[in-house]
Every structure is written in structure tokens, then in C-alpha cells.
Amino acid sequence: SQYKNSSIKDQMSNEIKTYALKKLRAGCSGMFWRKDPTGTTKLASNDNWPRDNAQLRGTVIEHGGKKWLSATQVMNKGGEWVKAPNGAFMPFEYDNHYYLEEMSS
């Protein structure tokens, strides 16, 4: 991977970045929001959950050895940017099925 020579923690910042929700195999049509892995913020709702190929904006955190996106906005395919619910998180990799891919600015 591109982060081979540095730890995940070295990649953390408060910079807002945009990612695409991609999948490796058929199955679901998207992923519901996940709760804050740190337990700091309660997930307000599952409104505007990301469908396949949605774009997500937010900041990256690392918790328990895993990388998560603390989402602030989501844009489903063909839609507009809308606010993500408070406390909405998305793992960078889920069940060898879904993953987040950084989009060029």
C-alpha cells in the first residue's frame, strides 16, 4: 500500500478530504453510517446514508488500529452535497467488500 513506510497515525490530520465509497463485490447497494468508534459522539440518525459510488467529505481518525472517516457531507450519485448526520462515521475498509478511495481535489 502507499502507506507502507509510515504508520496510519502519520496520515491523520484535521484536513477535510473527499472519498468515494467503492466496493469489491456485488451485494448491498450502499452502507449505513457507523457510530463513532471512539464513543465520543452519538450517531444522530441514518439519514442520507451513502449508496454505492457516493462521495463523502470529512476528516480521518484512527481508532483501535483502524482508519475511519468522520463524515460531514455526503453526495449520492446524481445528487447534491448534503449534511451527514452528527456522529456519522465510515470505516475505510469493511468486510473485504466496501472501501473508501481518496478523490483528487
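This report describes the aromatic ring pairs and the charges over rings in a predicted model.

Residues are numbered from 1 along each chain as its sequence is written. In this predicted model, local features need pLDDT of at least 70, side-chain atom pairs count only at pLDDT 80 or more, and totals for chains, interfaces and linings use all residues, while side-chain values use heavy atoms, with hydrogens and water left out.

Rings of Phe, Tyr and Trp (its six-membered ring) pair if their centres lie within 6.5 Å; planes under 30 degrees apart count as stacked, over 60 as edge-to-face and the rest as tilted. By this rule there are 2 aromatic pairs. Tyr19 and Phe92 form an edge-to-face pair, with 5.0 Å centre to centre and 85° between the planes. This pair links distant parts of the chain, 73 residues apart: Tyr19 lies in strand β1 (residues 13-23) and Phe92 in the loop between β5 (89-91) and β6 (93-94). Strands are DSSP runs (E, at least two residues), numbered from the N terminus.

The rings of Phe32 and Trp49 form a tilted pair, because their planes are at 55°, with the centres 4.7 Å apart. Phe32 and Trp49 are 17 residues apart, in the loop between β1 and β2 (55-63).

Buried means under 20% relative accessible area, exposed over 50%, and partly exposed in between (1.4 Å probe, protein chains only).

| Residue | Relative accessibility | Class |
|---|---|---|
| Tyr19 | 3% | buried |
| Phe92 | 12% | buried |
| Phe32 | 45% | partly exposed |
| Trp49 | 19% | buried |

A charge sits over a ring if NZ of Lys or CZ of Arg is within 6 Å of the ring centre and within 35 degrees of the ring normal. Arg51 lies over the face of Trp49, 3.6 Å from the ring centre. The charged end of Arg57 sits over the ring of Trp81, at 3.7 Å from its centre.

Note on methods. Helix = DSSP H or I, 4+ residues; strand = E, 2+ residues; numbered from the N terminus.
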